[in-house]
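Colleague: I would like to learn how to read aromatic rings in a model. Please take me through it step by step.

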Amino acid sequence: MLFTADLSDMPVEAESRVIIRFQDCDPLMHLNNSKYFEYFFNAREDQVSKLYGFSFEAMFRELRTSWVVYQHQIAYVRPALISEWVRITSRVIYYNEDTMVTEYFMTNDHRNELKTMLWTTSKHISITTGKRVPHPKEVMDYLAATCVPNIEFPNLQFNDRIHTIKHGLSEGTNV
């Protein structure tokens with residue numbers, strides 16, 4: 001089953017608390033740049049399974065579709081350090097008939113310092129043809145229920161969004 005949760009009252013933001021592992025760090029004790037992607041994607045997979053009852057495997061098996069990464073934009077604001085506890089937040093900030101943009105950001109454990117921000121643009125494809133296909137109704141319903149409202153993504157600049165998130169963290173407000 002693609003979804004096991006009721007989509008009528010879904011949170012639009014998901015958060016995980018994780019520790020930065022020794023084996024993922026460089027000689028300066030910073031999280032290796034390429035490892036940020038693994039931390040973000042693993043957190044998102046766990047979050048959507050827990051919050052929404054969503055299964056990427058079920059989407060693949062039942063709908064014969066998947067999302068593939070089209071583009072990343074990432075900013076390394078402050079390093080995540082070996083053995084440090086961090087928070088990873090993820091949320092959908094835009095979608096249309098065949099595209100989804102997921103925003104990820106990592107903060108310190110107290111959520112008052114931005115470490116990294118990532119936008120990932122994914123395209124919805126048929127696993128049979130490898131070509132883009134429209135999201136089916138159940139996926140569009142999921143995206144509508146879980147997308148952050150009132151973000152005008154087509155008019156949004158990545159660096160402006162970093163500033164907004166940093167400001168919200170320093171003010172202790174939702175970002």
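Colleague: Is Trp67 buried or exposed?

Modeller: Trp67 counts as buried because its relative accessibility is 12%; buried means under 20% relative accessible area, exposed over 50% and partly exposed in between, with a 1.4 Å probe and protein chains only. This is a predicted model, where local features need pLDDT of at least 70 and side-chain atom pairs count only at pLDDT 80 or more, while totals for chains, interfaces and linings use all residues. Residues are numbered from 1 along each chain as its sequence is written, and side-chain values use heavy atoms, with hydrogens and water left out.

Colleague: What describes a pair of aromatic rings?

Modeller: The distance of the centres and the angle of the planes describe such a pair. Rings of Phe, Tyr and Trp (its six-membered ring) pair if their centres lie within 6.5 Å; planes under 30 degrees apart are stacked, over 60 edge-to-face, the rest tilted. The count here is twelve aromatic pairs. Among them is the tilted pair of Phe54 and Trp67, with 6.0 Å centre to centre and 40° between the planes. Phe54 is in the loop between helix 1 (35-52) and helix 2 (56-63), and Trp67 is in strand 2 (residues 65-76), 13 residues apart; helices (H or I, at least four residues) and strands (E, at least two) are DSSP runs, numbered from the N terminus.

Colleague: Which residues do ring pairs link into a cluster?

Modeller: Tyr52, Phe54, Phe56, Trp67 and Tyr142. Phe54 counts as buried, at 3% relative accessibility.
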